[in-house]
Amino acid sequence: MSSAPLRVFIVDDEAPARSRLKELLGDLSAEVPNVVVGEAANGRDGLLLLPAAEPDVAFVDIQMPQMSGMEFARHLAALERAPAVVFVTAHGQYAIEAFEVNALDYLLKPVRAQRLAGALAKAAATGPASRDALARASHGPRRFLSVAERGKILLVPVAEVLFMKAELKYVTLRTRERDYLVEEPLTSLEQEFGASFVRVHRNCLVARNAIRGFERAGAEDGEGAGWSVLLDGCEERLPVSRRQWPTVKAIVNG
Amino acid sequence: MREGASKRVSILSEKTSSDALPDFRSLGVIARALVGVNFAALLAAAARAQDLAELADNMLEIAAVLEPALLGSLISLYVAHPLLAKLPYRTGLAIVFAIVVAVTLGILWLGAMAMHDTSAPGTLRAVAFAILVTALLAAYFQLRARAFSPALAEARLQALQARIRPHFLFNSLNAVLSLIRRDPKRAEGAIEDLAELYRMLMADTATLTTLDNEIEVTRQYLNLEHLRLGDRLAVEWRTEAAPRDALVPPLLLQPLVENAVYHGIEPGIERGTIEIAIYREGDRVHVRLTNPYHPEHQHRQGNRMALANIRERLALHFDVESTLESGVVGANWEIHMIMPYRRKK
């Protein structure tokens, strides 16, 4: 560990909780040199502010409105220089186990100075948590997908995604406005968002509520006639594979 | 608030520790008596009948005496209730029997006068039936009252468990800790609020408390939530017309408001308003609670459990005279609770 103080970022929706943490970090600065480089009251603000602050450690409340601390941490992982994350929660042991946060670093509220010192030292030594551990600890599907662009994190609301299409090592997300590239396997996206997306082809998932209809297509193909899916707000017609056709039809009819 | 405990009026604990007569002015008791007596009459008619036509005849014959006697008895008991409630159980019960027999004889006598028929063959049978049915009903109400005492204890336990949401306690303690250095005076106030709230949470929920107490506890609770949620939480109280002397089950309002904060305010980033309206309409107390509705947060647990517990306790205390309805109204979640207006005697 270098002599430079640890750079700390705090995300908590309760202002008193943030000031308490700052107070304790101040008390500890002789023991574990640290400096608070930024704070945010919710996950979205946090993702806007955090990259520029370049923290080493982020203290993140788990239960926050609109975006849970867990989802926030998953988006952070898209950063090239992701900070180590220490979760802070008022929930007891039971909830900790339910969230599978055990694998990650966490502090219980009210936070004690000595535990905080321990967490700081440990986070500095171990660095960011693995994406897999974060994904395992997450509860239910994310509400946003994150894309790192020029050192910033762009959030794409899952509800606005029309389809996800695998191309080489990336997956393209199409919204009404534009395309985004994410580096996640299509199979894990299908697992996470299976409730709102349906697989129409080996390489493509479409949003169930964006499906407008189907069109007979490709009669001139040697393979014979197939179906294409028409989506709201999107010109592109996506082929439905023969294998997926019965499943897709059943979902749309049922 | 400190005098709160002494202000409470023990209503149910008396009934459960020693026997007491049912409340003859309660709709539930009256309905049960009506149904029970008529059912007994039907059984008596069926026992003497060979076929369905005879059953109808028997029933008609019985009803001619039974219905006026039953209604007369219930009205007499309704009138006599305040007096009866003051007497020891046995004396009160003896008077109830006397009233029922007297009313029955009176009806028979009136019937005989009207029919100019003084032979009155069924007098003995009618009086025996009246005594038997009254005894059965008395035994039923006594058993029912006794059956309630474990249910109340259980409700209390459930209320306690549902109440102590670790989430709230630890976040509040954390918020108080943050105040100690910056604003010691406010920290002191917050700890006092927390102590009062927990004293209430651990109090006996079998006894009724005043609406005034309930409002006070809810205010203290909201003070604590303000501390940690700041501007995100706005509360509009409409209690100018609240009957503050009304008796209500303790921890009726606070858990509902806690739910409103948990489901309506915490999931939002924007400022949200909780509206609490309490007013009286005739002999009914209305409580209306509104909070912003976040459909995406319905998976949060605890809402149904708290509502079920409150419904159960309302039923235990007020029987069929209370209702609790909840649902989505526009962009809000609304709860409407109606209770009878009872006061300390």
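Two strands are taken to pair if DSSP finds at least two bridges between them, and both helices (H or I, at least four residues) and strands (E, at least two) are DSSP runs numbered from the N terminus. The model shown is a predicted one, in which local features need pLDDT of at least 70, side-chain atom pairs count only at pLDDT 80 or more, and totals for chains, interfaces and linings use all residues. Residues are numbered from 1 along each chain as its sequence is written, while chains are lettered from A and ligands numbered from 1 in the order in which they are written.

**View 1. The open sheet of chain B has five strands with mixed pairing.** Read across the sheet, the strands of chain B come in the order β2-β4-β5-β7-β6, and β2(B) (233-238) and β6(B) (323-329) are the edge strands, each of them pairing on one side only. From one strand to the next the twist averages 10 degrees, with angles running from 0 to 180 degrees between N-to-C directions and axes being lines fitted to C-alpha atoms, for helices over the stretch in contact. Helix α10 of chain B (residues 253-265) lies across β2, β4, β5 and β7 of chain B and runs at about 20 degrees to β5(B); here, as elsewhere in these legends, residues are in contact if their C-beta atoms, placed from the backbone, lie within 7 Å.

**View 2. Strand β5 of chain B is joined by bridges to β4(B) and also to β7(B).**

**View 3. Helices α8 and α9 of chain B pack against each other with their axes 9 Å apart.** Helix α8(B) covers residues 184-201 and helix α9(B) residues 211-229, and the angle at which they pack is about 135 degrees. The two helices are therefore oblique to each other, since angles under 35 degrees count as roughly parallel, over 145 as roughly antiparallel, 65 to 115 as roughly perpendicular and the rest as oblique. Their crossing is left-handed, a term for the near helix being turned anticlockwise from the far one by less than a right angle, with clockwise giving right-handed. Among the residues of α8(B) at the contact are Ala190(B), Leu194(B), Leu197(B) and Met200(B), and those of α9(B) include Val217(B), Tyr221(B), Leu224(B) and Leu227(B). By class, this contact has eight nonpolar, two polar and two charged residues, where Ala, Val, Leu, Ile, Met, Phe, Trp, Tyr, Cys and Pro count as nonpolar, Asp, Glu, Lys and Arg as charged, and the others, Gly among them, as polar.

**View 4. Chain B and chain A meet at a contact that takes 19 residues from chain B and 15 residues from chain A.** On the side of chain B that touches chain A, α7(B) (166-182) and α9(B) each supply at least two residues, and α7(B) gives the most, with 11 residues. The residues of this side of chain B divide into 10 nonpolar, six polar and three charged.

**View 5. The open sheet of chain A has five strands with parallel pairing.** The order is β2-β1-β3-β4-β5, and β2(A) (34-40) and β5(A) (105-108) stand at the edges with a single partner strand each, so one side of each is left without a neighbour in the sheet. The twist averages 25 degrees from one strand to the next. Six bridges join β1(A) (residues 6-11) to β2(A), the two running parallel, and Gly38(A) in β2(A) is the bridge partner of Phe9(A). Helix α2(A) (residues 43-53) lies across β1, β2 and β3 (57-61) of chain A, at about 140 degrees to β2(A). Helix α5(A) (residues 113-126) also packs on the sheet, touching β1, β2, β3, β4 (84-89) and β5 of chain A, and its direction makes about 170 degrees with that of β5(A).

How values were computed
Contact = placed C-beta atoms within 7 Å.
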